[in-house]
Every structure is written in structure tokens, then in C-alpha cells.
Amino acid sequence: MSNTILVGAQWGDEGKGKIIDFLTESADLVVRSQGGNNAGHTVLVGGKKYVLHLIPSGILRPGKMCVIGNGVVIDPVAVAGEIDGLLAQKIKVSPKNLLISDCAHVVLPYHRALDEQREFAKGKGKIGTTKRGIGPAYGDKAARVGLRMSDLVQPEIFREKLKRRITDNNAVLKAFGAKPLSYQDVLAAYEAAAAKLAPFVANTVVYLHNALKAGKEVLFEGAQGTFLDIDHGTYPFVTSSNTTAGGACTGSGVPPHRMDRVLGVMKAYTTRVGEGPFPTENAEISDFLHGLGREFGATTGRARRCGWFDAVATRYAGMVNGIDQVAVTNLDGLDSMATIKVCVAYKLGRKKLEVPPSDSDLLAQCVPVYEEHAGWQTPTDQCKTWGDLPKKAQAYLRHIAKLSGAKLKIASVGPNREQTILL
Ligand code: GDP
Ligand code: IMO
Ligand code: MG
């Protein structure tokens with residue numbers, strides 16, 4: 001029996017969804033504990049593509065239980081739509097395989113409107129958010145003026161609380177010069193979603209503790225990545241939750257001593273979507289990968305910024321999350337490269353840094369120190385076992401895992417479930 005926290009070791013989109021789907025085969029439960037529908041987790045099974053935003057990627061495996069924990073912020077209309085989309089794709093979704101925490105906070109239309117207005121007001125200094133209302137929703141949670149799923153499913157309470165919150169937020173929206181929201185329209189849309197979601201809403205803390213007592217194996221599906229963490233990321237170019245391993249505990253109510261290992265997911269190179277410092281960013285790699293039709297955001301469709309593997313970043317991710325093992329994805333993205341660079345330190349002025357500076361402005365000034373590796377220049381996407389991989393690819397994988405301070409556990413050579421090599 002072992003419980004695993006899976007985290008993104010970079011800036012998100014590391015391929016967490018694909019790895020969760022793979023690992024769910026041998027787990028009983030998959031839990032989301034933070035973030036919202038800013039996440040986009042892609043899974044390809046049997047030639048079909050699924051993009052999960054709020055529902056754990058484990059939902060695609062029959063007989064597995066999925067939980068959306070208290071630390072997640074939920075757009076009820078979006079999650080109801082996601083359930084309908086999965087049902088239309090013949091994936092079973094019911095309270096038998098999905099539960100939603102009654103303590104999870106609700107994302108409301110004023111959160112999305114404020115997200116947009118604040119980004120607009122920032123002009124050039126914008127964060128490049130997904131505009132899903134994530135920042136304002138977590139802001140309300142911290143300010144203790146949020147509505148929770150338990151409010152949503154109690155019609156009278158919801159109506160009253162919503163009215164007050166819309167009045168307050170319309171005043172703010174007006175100050176921004178934005179259109180105020182109609183209470184009746186919001187109420188109608190949210191009451192319809194509430195009716196659909198009510199059977200899924202439960203005290204998931206109690207559910208998870210009973211499952212653990214019964215010896216079930218739990219996978220915690222991180223969203224976003226280490227450098228988007230509200231505390232440890234490249235603030236203010238971050239999301240609004242704790243994307244690092246600790247977030248799995250606070251966001252689910254499962255205590256730290258029940259966690260057995262932390263698995264970090266990282267690409268064989270680096271990507272970032274949205275604004276903010278990115279030391280190893282490289283226009284050639286971006287153009288190359290975009291030319292292959294790769295590295296477009298699963299949630300917003302934006303082109304991701306791409307660059308070389310940054311071991312300074314992943315080493316730090318190892319420290320913050322306590323990463324024991326790594327899964328390296330998108331190895332095949334480097335297949336045709338003659339030379340592959342790996343960033344092993346930063347230069348900041350005359351100083352050499354082994355860890356990223358906490359300050360975003362300083363990180364933006366860092367110049368990567370690279371080592372160069374000869375590429376394998378052989379397709380890897382058909383490789384089924386470790387032995388099938390070119391020797392140079394094996395050496396590269398071992399090397400970046402070692403630089404990150406963790407054991408290599410999984411290598412991924414394509415987006416499909418089968419294109420996964422377990423070591
Ligand atoms: P997540 O947010 O961490 O779940 O990652 P995303 O789904 O947003 O982005 C990862 C992208 O890489 C998706 O398009 C996946 O289908 C794709 N992917 C994952 N692993 C591999 C791999 O090993 N090779 C290739 N070619 N694509 C991969
Ligand atoms: P997954 O789970 C990559 C980024 C946004 C923006 C910043 C803040 O698929 O890895 P937000 O909407 O959260 O306020 O945006 O965070 N971001 C992500 N980038 N993958 C994600 O999720 C992301 N979720 C948010 O682009 O820079
Ligand atoms: Mg993603």
C-alpha cells in the first residue's frame with residue numbers, strides 16, 4: 001500500500017494527466033487537491049483524446065474512484081459541462097466514481113470578470129492568467145467572503161449569499177468600468193448546475209480517511225507546477241494555490257504522515273505558458289516544437305514558450321516537494337536534435353547560482369550556464385522498454401534525473417497510454 005503525491009516540477013503542462021492515467025491502473029483513488037479549471041490535463045487512450053480540467057484524470061479508468069478535494073476552486077457550470085462531455089464520450093461519471101468536497105470554494109462569474117479586469121489594468125505587466133477566475137476565487141477564500149459547495153447545494157442559503165456578493169462585486173466591476181452582473185442570470189445558471197452536482201457533494205475528508213483505513217491506494221494529482229506555486233513560484237507570475245507537495249495535504253485533509261512518496265513530472269525540456277521569467281527560453285526550440293503542432297495550451301490554446309531543460313529549477317523543485325522519483329515526458333520532442341543543452345547553473349552578474357533567486361526580477365536577469373550533450377537523432381516514439389531506447393537517450397534521462405536529485409521511474413515517449421516506459 002502506498003500513497004503518492006504527483007507534482008509538476010516545472011511551470012505546468014509537464015504531462016501530469018498522462019502519467020496519472022498510467023499510474024491509476026494500480027491505484028484505487030485519484031484526488032485533485034488544488035487549482036481549478038485553469039488546469040488542462042491531456043490523456044490519449046485508444047486513439048481518443050480527453051482533456052480534463054477539474055475532474056481527476058483517473059476518471060478514464062473504470063472502477064476507480066475520483067475525488068475533488070477541499071483545496072480546489074470549482075466553477076460549477078464548467079464541472080457540470082465536463083461531466084456531460086465525458087458522458088458523451090461514453091465515460092461513466094456518477095457519485096459512484098466521483099465525489100466533490102463540500103468545502104471546496106465556488107468560482108463565480110464575478111471572479112472571471114475581475115480576473116479579466118485586473119489583467120487588463122496591469123497592461124504590459126499582466127500575468128497572462130487563464131481568465132478562469134482562479135485568483136479572485138482564492139482571494140475571496142482567504143478574505144473569508146467566498147461561497148463553498150455546501151452553500152451552492154442549499155438553495156435558500158445560496159440565494160441570499162449570492163445576492164450580497166453580487167451587489168458588492170458589481171460595485172467593484174463598475175469602478176473598473178466593466179458591465180455589472182445580473183443576479184437573476186447568475187442564479188439561474190448556478191441553480192441548474194447545483195441541481196446536477198448535488199449528488200456528488202460530500203465530506204470528502206471523511207471519505208478519504210475511511211478509504212485509507214480500508215487500505216486503499218491514493219494518487220494525488222497535482223495541477224500546475226512548482227514554479228507556479230503561490231509561495232515558491234516566480235511570484236507574481238504564479239497561480240493562486242500551493243501547487244507543491246504540501247498542497248496535497250491541506251487540499252485534501254489527508255495528513256503528511258499518510259503520504260509515502262512524491263513523484264515529480266518533468267518534460268525532457270521546459271515549457272511555460274503565460275508571462276514571467278523563464279531563463280532557458282529559446283525561440284528556435286519554440287518554433288521547432290510549434291512546427292510539429294506541439295506545445296499549445298490544453299486550456300487556452302495559447303502557444304507555450306519553450307526552452308532547454310533547466311536543472312537549477314528542477315533541483316529546487318526536488319527540494320521544495322521532496323521529490324523521490326521522476327517521470328520524464330516528451331523525450332521524443334528531442335529526437336531530432338543534434339545537440340541538446342542542459343542548464344546546470346545561472347549567472348547573475350558575476351555570481352554563479354545553484355538555486356533560483358526568489359525574486360522574479362532577479363530571475364529574469366539570470367543567464368543560464370549550459371552543458372551540451374550529443375543528441376541521439378533516432379525516433380524514440382516506438383520504444384516499448386528501457387532497452388529499446390538509444391544509449392544516448394538513456395544517458396540523458398539518467399543525467400537529468402540525477403541533476404534533479406531523484407530516481408528515474410518513468411520515461412514517456414509519446415502522448416498515448418502505451419508510450420510509457422516504467423523502470
Ligand atoms: P499536464 O497539464 O501536466 O497534464 O500536461 P498537458 O496535457 O497540459 O500537456 C502535456 C502535453 O504533452 C499534452 O499534449 C500531452 O498529450 C503531451 N504528452 C505527454 N507526454 C508526452 C510524450 O511523452 N510525448 C509526446 N509527444 N507528447 C506527450
Ligand atoms: P496544468 O495543470 C500551465 C498559468 C497561467 C498563468 C498563471 C496564472 O495544466 O499544468 P491562473 O489562471 O492560474 O491565475 O494563471 O499560471 N497556469 C498554467 N500554466 N499549466 C497549467 O495547469 C496552468 N494553470 C495556470 O498561464 O501564467
Ligand atoms: Mg496542462
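# Legends to the close-up views

**In the site of ligand 2, a side-chain N or O atom of T239 lies 2.6 Å from an oxygen atom of the ligand.** This is a predicted model: local features require pLDDT of at least 70 and side-chain atom pairs pLDDT 80 or more, while totals for chains, interfaces and linings use all residues. Residues are numbered from 1 along each chain as its sequence is written, chains are lettered from A and ligands numbered from 1 in the order in which they are written, and side-chain values use heavy atoms, with hydrogens and water left out. The side chain of T130 also places an N or O atom 2.6 Å from an oxygen atom of ligand 2. The backbone takes part through Q224, where a polar atom is 2.8 Å from a ligand oxygen. On its own ligand 2 exposes 550 Å², and the protein buries 98% of this area; such areas come from the Shrake-Rupley method with a 1.4 Å probe, and for residues only the protein chains shown count as cover. There are 20 residues around ligand 2, of which D13, K16, H41, T130 and T239 come nearest; a residue is near a molecule or strand if one of its heavy atoms lies within 4 Å of it. The shell is made up of seven nonpolar, 10 polar and three charged residues. In this scheme Ala, Val, Leu, Ile, Met, Phe, Trp, Tyr, Cys and Pro count as nonpolar, Asp, Glu, Lys and Arg as charged, and the others, Gly among them, as polar.

**N38 makes a side-chain contact with T239.** A polar contact of 3.2 Å joins the side chains of N38 and T239. The term stands for a pair of N or O atoms within 3.5 Å; within protein, one must be able to donate a hydrogen and the other to accept it, and residues adjacent in sequence count only if both atoms are side-chain atoms. A polar atom of the N38 side chain also lies 2.9 Å from the backbone nitrogen of G36. N38 sits in the loop between strand 2 and strand 3; helices (H or I, at least four residues) and strands (E, at least two) are DSSP runs numbered from the N terminus. With a relative accessible area of 11%, N38 is buried (buried is under 20%, exposed over 50%, partly exposed in between, with a 1.4 Å probe and protein chains only).

**The magnesium ion (ligand 3) has D13 and G40 as its protein donors.** D13 belongs to the loop between strand 1 (4-8) and helix 1 (16-24) and G40 to the loop between strand 2 (29-32) and strand 3 (41-45), so the two tie together parts that are 27 residues apart in sequence. Donors are N, O and S atoms within 2.8 Å of the metal (3.2 Å for Na, K and Ca); water is not among the atoms, so sites may look incomplete. G40 is buried, at a relative accessible area of 12%.

**The site of ligand 1 includes T42, with a polar side-chain atom 2.6 Å from an oxygen atom of the ligand.** A polar backbone atom of G15 is 2.8 Å from an oxygen of ligand 1, and a side-chain N or O atom of R304 is 3.0 Å from an oxygen of this ligand. Of the 580 Å² of accessible area that ligand 1 has on its own, the protein covers 90%. Helix 1 and strand 3 are the elements that give two or more residues to the shell. The residues around ligand 1 number 20, and K16, G40, T42, D332 and S412 come nearest. By class there are four nonpolar, nine polar and seven charged residues.

**The peptide bond from Y235 to P236 is cis.** Its omega is near 5 degrees. P236 lies in the loop between strand 10 (218-221) and helix 9 (246-250).

**R144 and E295 have positive phi values.** Phi of R144, a residue other than glycine, is near 65 degrees. R144 is placed in the loop between helix 4 (134-143) and helix 5 (149-152), and counts as exposed at 75% relative accessibility. Phi of E295 is likewise near 65 degrees. E295 is in the loop between helix 10 (283-291) and strand 13 (305-307) and is buried, with a relative accessible area of 6%.

**T271 and K267 are joined through their side chains by a polar contact of 3.0 Å.** T271 is part of strand 12 (residues 270-272). At a relative accessible area of 2%, T271 is buried.
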